[in-house]
Amino acid sequence: MNTYTCKCNNTLHFENSQCVSCLREVGWCPECQGIRALEPIDGTSYTCLNCNTQLRKCTNYAVHQVCNRCVHDEGEHTHEFCDYCKFNDVIPDISNPKNKERWYLIEVAKRRLLYNLDILKLPYGTAAEGFELPLSFDFKEDIVVPDPSGSGTIEEKVYTGHADGKITINITEADPVEREKLRVDFGEPHRTLIGHFRHEIAHYYWQLLVQGKCEDSFKQVFGDHENPSYTDAMNSYYQNGPKPNWQTDYISAYATMHPWEDFAETFGAYLDMVAVLDTAEHVALTINEPIENSGNELLNMLQRYELLGIKINEMNRTMGLLDLVPEVFTAGVVRKMQFIHWLVKKSSMLLRMPAQQTVGA
């Protein structure tokens, strides 16, 4: 993740909507691709002070203050939503003040996810763009409804997950207290909003890039996703726990449940690595130790990531925080990461191509 510079030379960060030094409004300029100082023109239009493009704020920025991205000012033809907010299908009920704060935190995580995908040139698009598997987001909460039997009420639970391009996030995950309770209950080293997004987008990419395209290659690395069935595998996991000695071949205990979850957990760890290395490069977080150039791009990335992890883990422990990099990259895990790295590189040619132009992965 990059940092940017305000007109007053103060550092701007990816989440900023105002410079804390000069108090100018700032936002993401789609023309020069960065967080930039904005100069008001009238009640709706702004000038980017970096490239002089005329902009308007995304509706979710101007009205709800949960976004910080802008769109090109095209008069009456201006798009209502930015390039990231256009993927939202369902937003939380913001008549509840708590939900406004939760929605803001969800949007922060979603923007970081999509920025990550753009770095990797991974393909995604909307139904309106004619994309092969349209991506969309629902941000929902559990609700209490009348019991059809007439005896009181029942709670309808919302489950975080992915189905046919639709990623659903239960907004309770944006409550740090509730999320930490779940992390401890499930024995997870991390449980974060960005982690949920990275896991669920992995299921999206399995369907987009693997299903019907390279399933045989997938099975050779992750196992047969058709036997046992997902339901049977899930029941077995929750009854019996993870496979013995899972650390040898799996990135997490949950990855042992089924090949789909193994792929999603490993893909999520791959996105973690890419995000950390990108940020380290932009903030000049250097590694003094020599990096052995193996000629294998992924192995070089993993070596840098592990060295950074050792240093930052120790810093976190100094402050009583969780490890930044809790994973151990065994030979079995690296083999799976190699498959994902190959898939990402192979799929970059599909970036936002309409369905009629899509090439098979």
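I take contact to mean heavy atoms within 4.5 Å. On that basis I looked up histidine 196: leaving aside its neighbours within four places in sequence, this residue is in contact with Thr160, Ile169, Glu173 and Arg191.

**Basis.** I note that the model is predicted, that local features need pLDDT of at least 70, that side-chain atom pairs count only at pLDDT 80 or more, and that totals for chains, interfaces and linings use all residues. Residues are numbered from 1 along each chain as its sequence is written, and side-chain values use heavy atoms, with hydrogens and water left out.

**Confidence.** I read pLDDT as the predictor's confidence in each residue, from 0 to 100. The protein averages 91, and 93% of the residues score at least 70. Over residues 351–361 pLDDT stays under 50, and for this stretch the model has 23 contacts beyond four places in sequence.

**Histidine 196.** I placed this residue in helix 4 (residues 193–210); helices (H or I, at least four residues) and strands (E, at least two) are DSSP runs, numbered from the N terminus. Its relative accessible area is 13%, so histidine 196 is buried; buried means under 20%, exposed over 50% and partly exposed in between, with a 1.4 Å probe and protein chains only. I also found a polar contact of 3.0 Å between the side chains of histidine 196 and glutamate 173. Such a contact is a pair of N or O atoms within 3.5 Å; within protein, one must be able to donate a hydrogen and the other to accept it, and residues adjacent in sequence count only if both atoms are side-chain atoms.

**Strand 13.** I checked residues 166–170 and found four of the five buried. Two strands pair if DSSP finds at least two bridges between them. Strand 13 pairs with strand 9 (residues 136–140) in the parallel sense over five bridges, and serine 136 stands opposite lysine 166. Strand 12 (residues 161–163) runs antiparallel to strand 13, joined by three bridges; here alanine 163 is the bridge partner of lysine 166. The hairpin of strands 12 and 13 has two residues between the strands, and aspartate 164 takes a positive phi near 50°.

**Cysteines.** I counted disulfides as pairs of cysteine sulfur atoms within 2.5 Å. The count is zero. Cysteine 58 is in no disulfide, the nearest cysteine sulfur being that of cysteine 85, 3.8 Å away. The sulfur of cysteine 85 has its closest cysteine sulfur in cysteine 82, at 3.7 Å, which is too far for a bond. I recorded cysteine 58 as buried at 0% relative accessible area, and cysteine 85 as buried at 3% relative accessibility.
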